[in-house]
Amino acid sequence: MNSNILINLSLAIAPGIIWLLFFLRKDNLPEPKKQILKVFLCGAIIAIPIALIELWLLNDLSALRLSSKTYYIIKGLFVIGLTEEIFKYIAVRYSILNSSHIDEPIDIPMYMIIGALGFATAENALFFCTEGFLSLNNPIILSLTRFIGATLLHALASGTIGLFLVLAFRNLKFRTILITIGFTIAITVHAFFNFFLESSIMKEIETKTGHPSSLYALAIVYILFLLLSICLKKIKKIKSSCKI
């Protein structure tokens, strides 16, 4: 039993660590390991209040007896997407973004990504510690699925917010608009990713099109991955200091 828990925990942690190492290579100047660990852990810790808030909101939402599609859209946008993206930002904002460690523009999306991967890793651990969930899923397949899907989505959504924070603080006149756009994109992408992975939606889309809706979810992730990668390369070339 103990060995199974250890294996499952390792599989839960692996996706976040692999993506963390991948994204860290995109920074011009290596960030202090202490700060990386601090932001990663803050992202993980924030998963606790997020889970409690989401359970409370989902309970109230279920009481409204909405149609399934309306329920999933509201759940994705305002319960999951909005809550997680705001709290991930708060975790990073108050753990690092006001410090002297932010010495180049790319640091902002990088630390947003690090915090998001901390949250995703905690979320993965929660899934992998639930015996009922694991009884329906092979842990190795689940780890791979989380690696190419949800874990990467969290990093990209927060990275997108970080990208627009950079734009906002280089264009103070449009600061509020740019930050709003960043959050809107992140929350919307997050919501539609979850929407296409809801079991009843998956069955409906597969019945109508013959294609699994998970393909749409993965397409969303990898389009955002491509766009964010291009933008990070451009931000990487900006040498000026960017403080918040």
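Predicted model: local features only at pLDDT ≥ 70, side-chain atom pairs only at ≥ 80, totals over all residues.
Visitor: OK, step back a bit. What does the secondary structure come to?

Guide: The protein has 11 helices and zero strands. Its radius of gyration is 18 Å, close to the 18 Å that the globule rule gives for 244 residues, so the protein is as compact as a globular protein of that length. Along the principal axes, the C-alpha trace spans about 50 × 45 × 35 Å.

Visitor: How much of it counts as buried?

Guide: Of the 244 residues, 45% count as buried. The accessible surface comes to about 12700 Å², and 70% of that surface belongs to carbon and sulfur atoms. As for contacts between residues with a separation of 6 or more, 76% of them involve residues 24 or more positions apart.

Visitor: Now salt bridges. How many are there?

Guide: The structure holds five salt bridges. One of them pairs lysine 69 with glutamate 204, with the closest N and O atoms 2.9 Å apart; this pair links distant parts of the chain, since lysine 69 is in helix H4 and glutamate 204 is in helix H10, 135 residues apart.

Visitor: What else is in the network with those two?

Guide: Lys208 is linked with Lys69 and Glu204 in a network of salt bridges. Lysine 69 is partly exposed at 38% relative accessibility, and glutamate 204 is also partly exposed, at 27%.

Visitor: Which salt-bridge partner does lysine 88 have?

Guide: Lysine 88 pairs with glutamate 85, the closest N and O atoms being 3.1 Å apart. The two are separated by about one helical turn because they are three residues apart in helix H4, and both lysine 88 and glutamate 85 are buried.

Visitor: And arginine 146, what does that side chain meet?

Guide: The side chain of arginine 146 meets that of glutamate 123 in a salt bridge, at 2.8 Å from N to O. Arginine 146 lies in helix H7 (residues 139-148) and glutamate 123 in helix H5 (residues 107-128), so the pair ties together parts that are 23 residues apart in sequence. Both of these residues are buried.

Visitor: Back to H4. Which residues make the nonpolar surface patch?

Guide: Phe78, Leu82, Ile86, Ile90 and Tyr94 make a nonpolar surface patch of about 490 Å². Isoleucine 86 has its place in helix H4, which covers residues 68-97, and at 32% relative accessibility it counts as partly exposed.

Visitor: Last one, where is serine 213 found?

Guide: Serine 213 is found in the loop between helix H10 (199-209) and helix H11 (214-236). Serine 213 is buried, with a relative accessible area of 0%, and beyond its neighbours within four places in sequence it is in contact with Phe196, Met202 and Ile205.

How values were computed: Residues numbered from 1 in each chain as written. Heavy atoms only, no water. Patch = residues over 30% accessible without salt bridge, like charges linked within 9 Å, V, L, I, M, F, W, Y side chains within 5 Å. Areas by Shrake-Rupley, 256 points an atom, 1.4 Å probe, with all protein chains shown as cover. Salt bridge = Lys/Arg side-chain N within 4 Å of Asp/Glu carboxyl O. Helix = DSSP H or I, 4+ residues; strand = E, 2+ residues; numbered from the N terminus. Buried < 20%, exposed > 50% of the residue type's maximum accessible area, 1.4 Å probe, protein only. Rg over C-alpha atoms; globule rule 2.2 N^0.38 Å. Contact = heavy atoms within 4.5 Å.
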